[in-house]
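Please look over the sequence and the three-dimensional model together before reading on.

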Amino acid sequence: MIVSALLTSVGINTALCVLFFTLYSILRKQPSNYEVYAPRLLAEGTSKRRSRFNLERLIPSAGWVAKAWRLSEEELLSLSGLDGVVFMRMITFSLKIFTFAGMIGILVILPVNCWGNQLKDIDIVDFVNNSLDVFTISNVNSGSQWLWVHFSAVYIVSGFICMLLFLEYKYISSRRISYFYSSEPQPHHFTILVHSIPSTSSSSISYSVEKFFSELYPSTYLSHVVVRRTNKIHSLLIEAKKLYRRVTQLRSAPAQQKRTNLGFSRLFGGKTNVIEEYQKKLEDIEESVRLKQSEASLEGEEARAAFVFFRSRLGAATAFHLKQSVNPTHWITELAPEPRDVYWPFFSESFMRRWISKLVVIVVCALFTISFLLPVVFVQGLTNLNQLEILFPFLTSILTIKIFNEIVTGYLPSLILQLFLKVVPPAMEFLSSIQGYISHSDIEMSASRKVLWFTIWNVFFATVFSGSILSMLNALLDPKNIPGKLAVAVPAQASFFITYVVTQGWTSVSSELFRVIPFIFSWITRPFTSPDDDEFEVPSIPYHKDIPRVLFFGLLGITYFFLAPLILPFLLAYFCLAYIIYRNQFINVYAPKYDTAGKFWPIIHNSMIFSLVLMQVIAVGIFALKRLSIASTLTMPLPVLTLLFNEYCRKRFLPIFVAYSAESLIKKDRQDQNDATMTQFYENLVNAYKDPALLPLQYSSNNDNLRTPLISQP
């Protein structure tokens, strides 16, 4: 009866379609000729698409599930780095939480909610056609002693989550230190980035850096590389790469070359060899690149930033932690990212420019968040049948049909919201890229935080308060009434969020296995790609998109586990799917673009703490609303205890994720003292942070050797 009522509430057709889509995803192998096998590709040193057609891929098979299940953490570490391990630990952490909370919620809290009769207008006989409110805490009688069950559950689950958070933070911290000890000498451990370098007319930036650090750190300073302005060169290289691929494709496809030549002849009124035209453009671009590179090598094109290299890890860490100048806005230092992680197109040169860029991004993010309330208001209007009939009287006859009513009020709102949310991760990634970060990992971590809080504000709070910004502002301006307002609004949206988990959660994790969007993109770009030169870059997992999504579902589960425990089975199904599917993706699809050694975990920890505090604040309001003032009073210390626990974790573990300790650095430096390869490492260290845009170009005019790369390796 419960399942039947739930399917009716969220739409039978919707649930069945999503279930079929999910099951087909599990039984099917990796799709399409866009399929990528990361371990094999990395071993070969290249990445190529498989054959155009392979019947085996179209035959349903669940063999990949067993391979994903057997993947050990050490194997995952070797495939995707510690960041991949942290991502999977986030999913297993959520599975532990909601398995424990699910046993309490389904076996204990749900029967208590159903036995209540606060909602007297609910007809139990016609249970299937009624609202899900009967399964929520709203159906428990005010002042009922059964509310102590919910009170006990809040304390038990809060304690269980805090215990797991502590154990996970401790475990990942130890893995981060072990990962550091077991790693080979890495360039970024010996390097810092210095920006806001004071410039003088009498000396160059390079001379100032060498003089400054050789005087302050004479025993540990090794060398430096000044960052130069190469934005225009990067754009020219992208254009040259496109032309090179186009020439290669035309050379390998004579039929297409003939059609293209014919089109050019008709356009220009004569015979035209399109390959010669493209080669001429390519030569012109290459000459422009060489000219820009020569200009960038001049002193006037130096940016006020430099990578500074040291002979030891401790020397680099010391320079990072100390203020270098009496003027704190000059000689600002930060730890250098991995060479492959450097984001070359953007380098903020001065303290003021970085500060202004951050302010601008904050304002733009706020405006973007506020403007997004418009589609949320529209979505909330769709969930209310009475409002729809008032706004659109001509739809009254259609909405009386049961199937249309279920689709419009159950499935359509979540679908529309999901489509609008698709633009949020790339928008936040772009805003983070202009904020002054100098690494892809910092950009993704910043974008992850932006996407997470954007989703919490616009999907959770805006939905709870019916999309009204005035309601949200009134709640924030009157802190005393926040628990009461949340206690009224949050349980009322239980059915919407259950539908949201089914439509957004199940379909998103299933589409991750299908990789529909990359598949469509590959077919669109196929006419412009040579069959013989079908190489492409192995994709990396978009942490800024996937981590906020998983954390938001965690917030829904923690918030609703005692309000509407019926959401927990759907969340468990989501996390089980995510566990298997993402392990498969790490094996067969994704290759790491960088490795922060687990720096994403503090974001995950803080999100869980916020979810806990939010749940506890709602519990205070619920118990007060249900006229159980003693329970409300006894719940008030819980948010304080949770925040104190978070402060302890921040003091105990967070410094490990900011920088390595002197003990770890000295121990690692002593291990390298007798290493004969360190001399060669120091020689290569200077070349590790050279801007790719300044590497020498090589263009072959030989028509039979068009595969010679434009950029030669040093």
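## Briefing on the predicted chain

For "transmembrane region", an unreviewed UniProt entry lists residues 6–27, 93–112, 146–167, 359–378, 451–476, 482–501, 550–582 and 603–624; UniProt positions are given in the numbering used here, feature names are shortened, and annotations may be inferred rather than shown by experiment. This is a predicted model, in which local features need pLDDT of at least 70 and side-chain atom pairs count only at pLDDT 80 or more, while totals for chains, interfaces and linings use all residues. Residues are numbered from 1 along each chain as its sequence is written, and side-chain values use heavy atoms, with hydrogens and water left out.

**Overall make-up**

- The secondary structure of the chain comes to 31 helices and four strands, where helices (H or I, at least four residues) and strands (E, at least two) are DSSP runs numbered from the N terminus.
- Buried residues make up 52% of the 714 residues in the chain; buried means under 20% relative accessible area, exposed over 50%, and partly exposed in between, with a 1.4 Å probe and protein chains only.
- Among contacts (heavy atoms within 4.5 Å) between residues at least 6 apart in sequence, 84% join residues at least 24 apart.

- Residues 482–501, one of the spans that the UniProt entry lists as "transmembrane region", are 95% helix and 0% strand, and the end C-alpha atoms are 25 Å apart.
- Residues 603–624, also in that UniProt list, are 100% helix and 0% strand, with end C-alpha atoms that lie 32 Å apart.

**Nonpolar cores**

- A nonpolar core is a set of buried Ala, Val, Leu, Ile, Met, Phe, Trp, Tyr and Cys residues joined through side-chain atoms within 4.5 Å, and the largest one here has 129 residues, those with the most contacts inside it being Phe87, Phe460, Phe497, Leu556 and Tyr560.
- Helix H6 (residues 73–115) gives the largest share of this core, 18 residues.
- Apart from this core lies another, of 18 residues, among them Phe212, Tyr217, Tyr221 and Phe320.
- Leucine 556 touches Phe460, Phe497, Tyr500, Val501, Ile567 and Leu571, when residues up to four places away in sequence are not counted.

**Aromatic rings**

- The structure holds 45 aromatic pairs; rings of Phe, Tyr and Trp (its six-membered ring) pair if their centres lie within 6.5 Å, and planes under 30 degrees apart count as stacked, over 60 as edge-to-face and the rest as tilted.
- Phenylalanine 307 and tryptophan 344 form an edge-to-face pair, because their ring centres are 5.9 Å apart and their planes are at 65°.
- This pair links distant parts of the chain, 37 residues apart, with phenylalanine 307 in strand E3 (residues 302–310) and tryptophan 344 in the loop between strand E4 (332–335) and helix H13 (351–371), and both residues are buried.
- Phenylalanine 460 and phenylalanine 497 are stacked, because their ring centres are 5.6 Å apart and their planes are at 25°.
- Phenylalanine 460 lies in helix H19 (residues 440–464) and phenylalanine 497 in helix H22 (residues 494–514), so this pair ties together parts that are 37 residues apart in sequence, and both residues are buried.
- One aromatic cluster is formed by Phe87, Tyr543, Tyr582, Phe586, Tyr590 and Phe600.

**Charged side chains**

- Counting as a salt bridge a side-chain nitrogen of Lys or Arg within 4 Å of a carboxyl oxygen of Asp or Glu, the total comes to 11 salt bridges.
- Arginine 89 and glutamate 168 meet in a salt bridge (2.9 Å, N to O), and the pair links helix H6 with helix H7 (residues 147–182), 79 residues apart.
- Arginine 89 is buried, with a relative accessible area of 17%, and glutamate 168 is buried as well, with a relative accessible area of 3%.
- Glu73, Glu74, Arg89, Lys96, Glu168 and Arg175 are linked in a network of salt bridges.
- Arginine 313 forms a salt bridge with aspartate 669, the closest N and O atoms being 3.0 Å apart; arginine 313 is in helix H12 (residues 313–321) and aspartate 669 in helix H30 (residues 662–672), 356 residues apart.
- At 1% relative accessibility arginine 313 counts as buried, and aspartate 669 counts as buried at 14%.
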